[in-house]
Amino acid sequence: MADMSRPHLTHWGAFQASSDGTRLTEVQPFPGDPEPNGLIHNVASAQHHPTRVDRPYVRAGWLEHGPGSARRGTEPFVPLDWARAEELLGAELRRVYRDHGARKVFGGSYGWGSAGRFHHAQSQVHRFLNTLGGYVRSFGTYSYGTSEALLPHILGDAWAIIRGSTSWEQIERHTDLVVAFGGISAKNAMMSSGGVARHRIRSRLARVRASGTRFVSISPIADDTPPEAEAEWLAPRPGTDAALMLGLAHVLITEELADRAFLDRYTVGYGKFAADVIAQGRTPEWAAAQTGLPAERIKHLAREMAAGRTMISVSWSLQRTRFGEQPLWLGVVLAAMLGQIGLPGGGFGHGYGSSAYPGEGGSAVSLPALPQGHNPVREFIPVARIADMLLNPGAPYDFNGRRLSYPDIRLVYWCGGNPFHHHQDLARLREAFTRPETIVVHDPFWTSTARHADFVLPSTMTVERDDFGMGNADAELWAMPALTAPHGQARDDYTIFSALAARFGVEREFTEGRDARAWLEHLYSNWREDVPDFETFFATGVAELPVRPVDQVLLADFRADPDAAPLPTPSGRIEIHSATIEGFGYPDCPGHPVWLDPGPEPADRPLFLLANQPKSRLHSQHDVGTHSRATKHRDREPLRMHPDDAAARGLEDGAIVLVRGERGACLAAVGLSEALRPGVVQLSTGAWYDPDPEDPAFCRHGNPNVLFADVPTSALAQGCAGAYTRVEITAYDGELPPLTVLEPPPSRN
C-alpha cells in the first residue's frame, strides 16, 4: 500500500493518494496548495470506470474489409492481443508510408493527455512519426490560436506576451484600475499545461483589491470574475467587445485623453486608426446600441481608464469568436492609447484568469523535454481546420498571408487529445472522420475520438507510470512515481511506439537503447547541473528551481529604449495599423482593428449561448469521474439560464430541455442563475459527445459543439470560433433517450 507522502501532479492541481497497488483508495489535496481544486477527485473514480480501454481493439469493419471502410462510430470493436495489434498496425503503417508517403499521414495530438513531461503524448507521437519519415502537423491551439497568428504582427510572440505578463505583485502595488474584458475566471486559472501545484488566484485578487485597486469585469457572466475582486460588472451582449472598445477609443480621441507622446514614439499607424474611428462614427452612443450598455457608462469608463494606472486585460475567450482578432487587437490599441505599456501595473495583459500562469512568477528555466527529431514534411494545417482538411483534400485556403491547400490524408494517428471535445459542428467532424483509410488512437478511455477510430490502443493514466512534471506557474520539478499498476492491459505510449518501431526496424532510432525509466534519468541528468542527482530527486520527490522575478513588467525593456529593444514586429513598434495585414487583403481582418458586423440576428434563435470551459473537469477529461457527474442532472450537462428567460419559456430549475442551435441540437438540464445577463445562457464544453444513432447532429448528453457552425475567426488566423452561438430552448417532453458514453462500445470476438 502506497502512503500519502508523495504528491502527484495534474494539469488542474496536485494531490496525494493512497493505493492498494491496483487502484487509488483515497485522494487528498496537496497540503501546499492554498486553494485546492475539487477536480482531483475525478482521478480515482475514473481510473477503473467501465469506459477505460482494457486491451487493444480494432473496428470490426476494418478487420473484415481492410482500410477505407467508412462506418466508424457505428460498428462494434474486436479485442486483440498486443502481438496481433502490433502486427496489423505495423503492416498498415508500412503500407501507407510505402504507397503514399509521409505527406499523407496526419499526426494529431493536443498535448493535454499528461502533466508528466516524458509521457507527453504529443511529444511521443511526433517523435515516433518522425522516425518513420515525418507527418503533416497542426499549428496553434484551440485556446488562443487567433492570438498566435495575430500578435506577432502587432506586438510580439503570443507565448512570450502571455508568459511575460506583468506580475500580480506589480498590479497590487501600482494599478488603480483593472479593466477585464472577458473577466478573470477562477475556474480557468486553476489549470495550467504541465500542471499546477499551488492555486492562488482568489488570494491574489483579494490582495490586489485590498491594496485599493478597482476591477471592472466586462462579461455576460457575473461570476467570470471571483467575488474577492469586488468587481463592477458590466454585461454587454456577447460578441460586442470590439464595439465597446471602439466607443472607449472614440472618447479617448475626442477628449484628447490619448497619450500622443507614447503613440508617436512606440507605435505605428495610430493616425489611420483614429481617423477611421471618427469617420465611422464609433461614438459611445453607437457602442451602446451594439452592446446594450449605457453610453454614459462607456464615456465614464474611458475617463477612468485615462485618470490613473490602468491594466487592460483581455481573456483568451474574446479571440475564440468570429472576427476574434478584432477585440484582441483593440485591447492592445487601448493600452497603447493610455500610454502605459511597459510601466509597472499598467498596459496590456492577455490571459489573466485564462490559465494559472499569467501574472505568476514560476520557474525561470524550461523543462527537460523528449527530442522529437526532424520532420521533413512541410505541410501543416491550423489546428481548428481538421474537418476541412479531411473533407476537402487539395482545396485551397488562406492562412496568415499564405495561400495553402489541404493535404490528402490517408492515415490519422491521434494520441493525447479528443477533437470531439474541441471542435465545432460535430456531425460534420464525424463525417470527416469517415474519410481517411485508417485512424489510430491511443487513449485510456472510450472517448468519442476512440469510438470513431479503427485501432484503439489502451494507454495508461498518469498515476500508472513514472514521470516528472512542472507547471508554468511553479518553481519546482515534481517526481511522479507510478501510484498503481496499469488498468487491464494498458501500456504507456512510449512502450507502444517502441514495439511498433521495432517492427519497422527503427527501434534503435526511436528508443536510443533506453526504456522509459532510462529516458527519465537521461533527460533529467543532462538538463541542469544545479539539481540533485536523479535517484535523490526521484526519492525525495522535488527539485527546487530558480524563479522569475516578482517585479516582472511586460515590455519594460521596450518602454525603456525602443531602439535598443525593439519588438519582433515588422516595424519594431506596436502596430496599431499593420501594413503587412493590410497587404493580405482579407475582408474579415483589415489593416487595423474595426467593427465587423456579425449579420442579422436569427429570429428563431433569440438566446446567446456561451460555451465556456467547465468547472467540473479540464476540457473533457474524466467526464465520467464522480466530481464531474455530480454536477449533472439525470446525467445531462447543466445549462445555466436567467430566471426571466426560463419563466418566459415555462421552465423550472432542473428541467430537461432541448437546445437548438445553428447546426444541431442537444439535451441539457436547466440551472437557474441571476449571474447571467438576460438573454444569455451558458452550457460548458466537455460533456462526452453522445450522438443519436439516427441523427449525429443531436447529442443526448449535452455537448454544445453540436450547435456551432465550423467556421474560422478569419482568413488571418483560421482560429477556433467556438465561444458563443445563437440558440432557442424548449422543454423536452419525451422519454429521455439512453446514454451510451457511460459504457464501452459493443465488442465481439
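The second largest pocket of this predicted model holds about 530 Å³ of space. A pocket here is an open set of points on a 1 Å grid over the protein atoms alone, where a 1.4 Å probe fits, with protein on both sides within 12 Å along at least five of seven lines. The volume is the space filled by probe spheres set on the points, which are joined across faces, edges and corners. As for ground rules, local features need pLDDT of at least 70 and side-chain atom pairs pLDDT 80 or more, while totals for chains, interfaces and linings use all residues. Residues are numbered from 1 along each chain as its sequence is written, and side-chain values use heavy atoms, with hydrogens and water left out.

Around this second largest pocket sit 27 lining residues, meaning residues with an atom within 4 Å of a point. Lys187, Gln613, Pro614, Lys615 and Ser616 lie nearest its centre. Strand 25 (residues 638-641) gives the most to the lining, with three residues; strands (E, at least two residues) and helices (H or I, at least four) are DSSP runs, numbered from the N terminus. Ala, Val, Leu, Ile, Met, Phe, Trp, Tyr, Cys and Pro count as nonpolar, Asp, Glu, Lys and Arg as charged, and the others, Gly among them, as polar.

Turning to the helices, the axes of helix 9 (residues 241-254) and helix 14 (residues 325-338) come within 9 Å and cross at roughly 20°. Axes are lines fitted to C-alpha atoms over the stretch in contact, with angles from 0 to 180 degrees between N-to-C directions. Helix 9 and helix 14 are therefore roughly parallel, the word for angles under 35 degrees. Contact means heavy atoms within 4.5 Å, and here it involves residues including Met245, Leu248 and Leu252 of helix 9 and Leu330, Leu334 and Leu338 of helix 14. The contact residues divide into twelve nonpolar, two polar and one charged.

Helix 9 also meets helix 13, with axes that come within 9 Å and cross at roughly 65°. Leu244, Gly247, Leu248, Val251 and Leu252 of helix 9 touch Ile298, Lys299, Leu301, Ala302, Met305 and Ala306 of helix 13. That contact has nine nonpolar, one polar and one charged residues.

Helix 13 (residues 295-307) has a further partner in helix 12 (residues 284-291), their axes coming within 8 Å and crossing at roughly 120°. Pro284, Glu285, Ala287, Ala288 and Thr291 of helix 12 meet Ala295, Ile298 and Lys299 of helix 13.

Conventions:
Parallel < 35°, antiparallel > 145°, perpendicular 65-115°, else oblique.
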